Amino acid sequence: MSVPARAVALLVAVAAVVGLGVFVSLYYIGGASNLPNVRYTASGGQVNVMLQEDPGNDSQTKPDWVTYYVQDPTTKQWLHTTLFTIPANTKVNMTIFGYDGCTALRNNFWSQVQGVTGNTVTVQQFDKNNKALGGAVTTSLVNSWANCNVGHTFAIPSMGLYVPVPSPNAINSLNNLCGTFPCTPTSGGAYAVETFSFMSPAHSGIFRWQCLIPCGGGYIDGNSGPMQTLGYMMGEMDVVTS
């Protein structure tokens, strides 16, 4: 190949790489600018954050993608976003409603609760009629290889925080999942409720959080689609000092 031909080939290759980078930035990351950022305000040194994960969503473009929703603390509306803001150096009380069915973890090590207060979570199951199935249980392990108990995870890798999010168990979820999104306790779907707490960092910054279970159906190894898209199974926790 001549020198000019090699130069042209190199330029084409560079342009392709740059174009791919721009596409990824705009499609998967740039979309954050269109997402609402839910701001939580502390009271008494604590803040209460509410999330839910659903088997589908109410978007017009990707309604079959699994997703998280965040509850606006003022209106109590569930917003299709994964961006939320909390104050620094504050106790964060998390509540996650798990409406999606179970997906076994590739490595059951991630069944262990890590990086939260006491390294434990409290879990309670509810049937499709919003009836509690037994009492709330506090545990350090939500075993995804036993009775299919885990739907997704909530993880903030930079903080060493990994929490398996329980699903309606195998029997409870069979033909009983919510079909109208965002789900609610009265929408007719089985669900699990999980609560846990952790301290927010003492400094400001944006902390990425995501689901670590490959849940991108229709993508190679399940590690694309909703898993790597802000507003679905990946989000940002914005920690502010004022």
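**Cores and a buried asparagine in a predicted model**

Leu 51, Phe 84 and Phe 154 touch the most other members of the largest nonpolar core, which has 37 residues; such a core is a set of buried Ala, Val, Leu, Ile, Met, Phe, Trp, Tyr and Cys residues joined through side-chain atoms within 4.5 Å. Apart from it lies another core, of 9 residues, among them Trp 78 and Phe 97. Residues are numbered from 1 along each chain as its sequence is written, and side-chain values use heavy atoms, with hydrogens and water left out.

Visitor: Is Asn 108 buried or exposed?

Guide: Asn 108 sits in the loop between β6 (91–98) and β7 (121–126), where strands are DSSP runs (E, at least two residues) numbered from the N terminus. Buried means under 20% relative accessible area, exposed over 50% and partly exposed in between, with a 1.4 Å probe and protein chains only. Because its relative accessibility is 18%, Asn 108 counts as buried.

Visitor: With which side chain does the side chain of Asn 108 make a polar contact of 2.9 Å?

Guide: A polar contact is a pair of N or O atoms within 3.5 Å; within protein, one must be able to donate a hydrogen and the other to accept it, and residues adjacent in sequence count only if both atoms are side-chain atoms. The contact of 2.9 Å is with the side chain of Asn 143.

Terms used. Predicted model: local features only at pLDDT ≥ 70, side-chain atom pairs only at ≥ 80, totals over all residues. Helix = DSSP H or I, 4+ residues; strand = E, 2+ residues; numbered from the N terminus.
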